[in-house]
Amino acid sequence: MSLTTRAAVVESGGAPFTLSDVELDEPGPHEAVVRMVATGLCHTDLGVAGGGLPFPLPGVLGHEGAGVVETVGSAVTGVAPGDHVVLSFTSCGDCRNCRGGHPAYCAGWLPLNLIGGRRADGTSTISRDGEPLGGHFFGQSSFAERALVDERSLVKVDPEVPLESIAPLGCGVQTGVGAVWNVLKPVTGSTIVVLGAGAVGLSAVMAAALTPATNIVAVDRVGERLSLAKELGATHTVHAGEADLGEALAEITGGQGADGIVETTGNVAVLRQGVDALAARGTLVIVGAPAFGTEVALDVNGMLGGKQVVGLTLGDAETQTFIPALVRLVKEGRLPLHRLISTYPFADIDQAVRDMGAGKAIKPVLTF
């Protein structure tokens, strides 16, 4: 039997979120119904809601959910009713990258998570008045009081940790942390630079502070965010509106350049500046995503010093091990994620969107 729940529906590209009653399909063998407790709001949600990606609308978005399992499908073994879960992206589980521990690079990642709006078999998970809606967003569509969640999106977590404090782990936080831990892997003496001090960038700063990196540099145009970055572990800050990035990094590093850079802004001009500021054998990780088809020019000869530019999806994380580790760090106070979070009642989702767009909220979390 289907289940009626309240959801925030985007009717068309550029339209606001509107609360509406929708019907969830009956859970399949590898699905579960989760009562949402909290869900983060991410720039990816806003990009899709704005019509920037070919996700089928009307639809239900949301991909940083956290809640309590209510029912499970017949083949679900990893969680049971009553378990606390963080929801993350889904994947097929069978392709080479999934089997190799890199599900963020699943062969079916785009249709399963970002643009498909349906299960892999083409069936709909959400409908309204008998008409299918776009759903299955990151295997969850968590902008709803209850979500029908793909088994591979479910991560069981410590029930002693408040769910509203860890909902963002499913996307933004694990992306920033994974950029540092899984790609850059700083060693003693390293200089790590984070371009953009939003939720992903500040997560990268916190992650770098838990490594042997000697210099951790946060770059942004908002002074308040740079101050927060210092409190979260940055050893240096650069105000992009007041200083030349290359000159500032040259001064900080004694002319050597940065060993690792995390680019979170999605601005290709900033990306190019970052590549130019790399040290020999340095690596820049592309996290920020501009519009599809965007290109950037690089100085080819400048790359010959062993520089690398690496694209990244969701921190290249294996969620079943990575997210519980982050939960433990939050619980122990070593990953002070609460410093980024502003909470809003679910009904105030449009206010959360406005505050995020205006820079008033770093990581809005909707609560139910």
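Helices (H or I, at least four residues) and strands (E, at least two) are DSSP runs numbered from the N terminus, and two strands pair if DSSP finds at least two bridges between them. The model is predicted: local features need pLDDT of at least 70, side-chain atom pairs count only at pLDDT 80 or more, and totals for chains, interfaces and linings use all residues. Residues are numbered from 1 along each chain as its sequence is written, and side-chain values use heavy atoms, with hydrogens and water left out.

**The annotated span**

**An open sheet**

- Strands of a sheet pair through backbone hydrogen bonds, either parallel or antiparallel.
- Five strands form an open sheet in the order β4-β1-β2-β7-β8, and their pairing is antiparallel.
- The edges are held by β4 (59-60) and β8 (131-133); each has a single partner strand, so one side of each is left without a neighbour in the sheet.
- Two bridges link β4 with strand β1 (residues 3-10) in the antiparallel sense, and V9 stands opposite V60 in β4.

**Strand β3 and its partners**

- In strand β3 (residues 31-40), nine of the 10 residues are buried, where buried means under 20% relative accessible area, exposed over 50%, and partly exposed in between (1.4 Å probe, protein chains only).
- β3 pairs with β9 in the antiparallel sense over five bridges, and V33 has L148 of β9 as its bridge partner.
- Strand β5 (residues 65-72) runs antiparallel to β3 and is joined to β3 by seven bridges; A66 in β5 is the bridge partner of A38.
- Strand β18 (residues 363-367) also runs antiparallel to β3, with three bridges between them, and L366 in β18 is the bridge partner of T39.

**Helix α7**

- L245, A248 and L249 are buried in helix α7 (residues 245-252).
- These residues cover an arc of only 95° around the axis, which puts them on the same side of α7; the arc is that of the directions from the helix axis to the C-beta atoms.
- E247 and E251 are exposed on the face of α7 turned away from its buried side.

**Cavity and pocket**

- On a 1 Å grid over the protein atoms alone, a cavity is a set of points where a 1.4 Å probe fits but cannot get out, and a pocket is an open set with protein on both sides within 12 Å along at least five of seven lines; lining residues have an atom within 4 Å of a point.
- Grid points are joined across faces, edges and corners, and a volume is the space filled by probe spheres set on the points.
- The structure holds one cavity of 30 Å³ or more, and the largest cavity has about 30 Å³ of space.
- Residues that line the largest cavity include L24, H136 and L148, and strand β9 (residues 146-150) gives the largest share of the lining, three residues.
- The second largest pocket has about 560 Å³ of space and is lined by 26 residues, of which H30, S91, D150, E151 and R152 lie nearest its centre.
- β10 (154-156) and α10 (319-331) are the elements that give two or more residues to the lining of this pocket.
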